[in-house]
Structures are given as C-alpha cells and as structure tokens.
Amino acid sequence: MDSSGNASLRGEGLVIEITGQRNGDSAQQAATTAPFTRAGLPVTFSLLAANEHFGSTPTQRALADSSGASLGTVNRVIRALRERTPSFLDGKHNELLRRSTLEHEWISAYSAMQPTVWPEERFTSDIWKKPSDLLDVSLPTAALFGSEIAAARLGAPIRPASVLIHLGGNASDRRELIRQGRLRRDERGMIRIRPAIWKNPPAPSLDQTAPRLLVRADLLLEDDPRVDEIRTQFFGDDR
C-alpha cells in the first residue's frame, strides 16, 4: 500500500486492487473548504444569519432544515469550522468565533458562485413601473428583497435602480409572485428574481428583507460606486 492509499494484494486465486484513493492532503483540503462549497454555502449562511439574530448557533438538525442540506453535509461544515486554525466554532454549543472573518470568506465564495449556481431572471411588470413602486409592497412569504431595494426599505438613503427578489418556496410561490406583479420575462427588465439560498429562512426577516449578510453580498455584487458608501455605513465593508 502506498502513501495515497492505493493497494495491491495478489495470491493464489486472489487479486485485490484498490486505486484512485485521494491522499491525505487532498482529503484535508476538501474538509477545510466544506463551508464554502456549493453544498456548504447555504449551511454556513444559515449558521451566520441565525447566530446574528438569535445570538447562538443552531443545532445541526435546525441547520439542515433551514439550508435544505443533508445532515451529512451539515456535519462536514460544522467539523470544518471547528477544525480550522484558528477555529470558527468552539465549545459544546459551537460558540461562533471570528464572525467578521467567516462572513468575509462566505461573501467571497458566494460572489464567485452566484452567477452560475443561483442565476437571476429578469422581468418587467404591468403594475410596478419603477423600483420605488415596491418600497411598500408585501411579497409572498417565500420572497425576500435584496440589494438596493432591501437597503432602501431598511432606511438607507439610496434610490434603487432595480429590484432584486430572493425567491424560495416551490412552483406555486413563483406563480403567486408572477401573478401579483403581472411579471413578464424581459432581459432588460428592472425586476430580478434570484433563487433563494435557503430552504426555510434562518431568521425572521425585517420588512421582508433578506438577512443582513446576504444584503451585503448583494450590494458588493452590484459593483456600483453609488452603493459603496451605503454598504459600508449600513452593512459593513468587505472589499
């Protein structure tokens, strides 16, 4: 057996070949990056958002329910966060350490994956003619506002140029939103619908806005100088 776990055993009437095993370094790297993979990002997001709102880290079963990930994926994420040097989680109840650093790493990973993993669709509306028309609108329960429109609803002095909606739920929730706004697909439309990164929101929303962490990521993805000061003042800076 070699250092990578490949093995060969031969005897009279017996042949055993084991190949393609990852070496220890590769396995360790995979474990370390678990919180920032496509499967792990929703878990890390749920952990951060729930911890900020409730002041404690949810149970692994609660994280699975919120993120939609399997318990196996949740376990890998928790283990990776505990085994990082220095650690992000500690103690019997997984006390969250170095929140700002973990948020920064999450935003970087989400920003890189969003266009392909959570792609947007654009729409125009027969009812909502401009972004400000949605400042006081109540959306279906599976939908939350993000980016500039979320910042404006939370009191930031910004005039949204478009409307980003994170939409969870199922097909009926999507149909409800489309009926409510009389939406029509339009590549240049001002209304952007992005699949939610959660299965169930990890914490109660404020005025139907996405959790603060996601709004920060949304604003960073806009790459618009207009929102730099708003993002820094209201949601922190991750540049």
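Biologist: What is the relative accessibility of Arg-184?

Modeller: A quick note: this is a predicted model, where local features need pLDDT of at least 70, side-chain atom pairs count only at pLDDT 80 or more, and totals for chains, interfaces and linings use all residues. Residues are numbered from 1 along each chain as its sequence is written, and side-chain values use heavy atoms, with hydrogens and water left out. Buried means under 20% relative accessible area, exposed over 50%, and partly exposed in between (1.4 Å probe, protein chains only). Arg-184 counts as partly exposed because its relative accessibility is 44%.

Biologist: Which residue does the side chain of Arg-184 meet in a salt bridge?

Modeller: A salt bridge needs a side-chain nitrogen of Lys or Arg within 4 Å of a carboxyl oxygen of Asp or Glu. Here the N to O value is 3.0 Å, and the partner of Arg-184 is Asp-126.

Biologist: How many residues apart in sequence are Arg-194 and Asp-218?

Modeller: Their side chains also meet in a salt bridge, at 3.1 Å from N to O. Arg-194 lies in strand β9 and Asp-218 in helix α8; helices (H or I, at least four residues) and strands (E, at least two) are DSSP runs, numbered from the N terminus. So the pair ties together parts whose separation in residues is 24.

Biologist: Which residues do salt bridges that share partners join into one network?

Modeller: The structure holds 15 salt bridges. Those that share partners build one network from Glu-52, Arg-99, Glu-103, Arg-212 and Arg-216.
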